[in-house]
Amino acid sequence: MGRRLTLLLLPLALLAAPAQAEGGTAAAEEEEGVKIEVLHLPEVCSPKSKRGDLLNAHYDGFLASDGSKFYCSRTQNEGHPKWFVLGVGQVIKGLDVAMMNMCPGEKRKVIIPPSLAYGQQGYAQGKIPPNATLIFEIELYAVNKGPRSVEAFNKIDKDSDKKLSELEISQYLKEEFARDGKKRHPSVHDEILADIFKKNDHDGDGFISAKEYNVYQHDEL
């Protein structure tokens with residue numbers, strides 16, 4: 001049903017303050033227990049990623065204990081870089097922290113403690129043992145406005161009343177369906193519409209306010 005539509009339903013997560021790098025030389029610092037080393041910083045470093053942005057990146061994951069690689073995005077999804085929204089829990093918390101304030105073309109090496117990765121449980125499917133410290137090498141390609149931006153909200157809010165009605169969301173769904181061109185049973189539209197309001201209309205007034213939509217604090221309506 002389209003990436004932007006899917007992301008409208010994602011839960012939000014609170015994140016730490018952004019990491020900062022200085023100059024074009026390698027730099028290292030700590031953010032909430034995440035160690036960040038900037039391997040390459042482009043001469044023009046803009047825009048910088050922030051919570052809610054849609055990022056496109058490649059990253060490799062290693063176990064700090066023995067250096068073995070447990071993940072490589074270049075061997076997944078036909079080698080295409082990964083798209084994800086920063087700060088909504090699509091990646092582990094440590095990566096959400098580590099990729100804040102990062103610009104297109106930048107490369108980082110980050111060390112993430114177990115508490116911001118897979119903790120005491122580990123992740124057997126990913127061959128990550130319990131209490132594992134992880135190392136990621138990241139290359140960021142693109143920083144775009146994400147689905148929870150003011151721009152996205154205003155696009156759906158046709159009458160500019162700062163809240164999204166059932167009719168406005170319904171129209172948005174129809175436009176998304178038409179854009180991706182996939183055939184769907186008519187009931188799919190109604191099911192998704194009901195699900196959106198179930199997950200976002202917290203006060204049950206039949207509208208999704210800017211607060212309920214979770215437009216991020218760095219944006220202002």
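Reader: Where is Asp-96 placed?

Author: Asp-96 sits in helix H2, residues 93–98; helices here are DSSP runs of H or I with at least four residues, strands are E runs of at least two, and both are numbered from the N terminus. This is a predicted model, where local features need pLDDT of at least 70, side-chain atom pairs count only at pLDDT 80 or more, and totals for chains, interfaces and linings use all residues. Residues are numbered from 1 along each chain as its sequence is written, and side-chain values use heavy atoms, leaving out hydrogens and water.

Reader: Why is Asp-60 called buried?

Author: Buried means under 20% relative accessible area, exposed over 50%, and partly exposed in between (1.4 Å probe, protein chains only). Asp-60 has 11% relative accessibility, so Asp-60 counts as buried.

Reader: And what makes Arg-74 partly exposed?

Author: Its relative accessibility is 36%, so Arg-74 counts as partly exposed.

Reader: How do you know that Asp-60 and Arg-74 meet in a salt bridge?

Author: A salt bridge needs a side-chain nitrogen of Lys or Arg within 4 Å of a carboxyl oxygen of Asp or Glu. For Asp-60 and Arg-74, the N to O distance is 3.8 Å. The pair links distant parts of the chain, 14 residues apart: Asp-60 is in strand S3, and Arg-74 is in the loop between strands S4 and S5.

Reader: Which residue forms a salt bridge with Arg-74 at 3.3 Å?

Author: That is Glu-139, the distance being between the closest N and O atoms. Glu-139 lies in strand S7, 65 residues apart from Arg-74.
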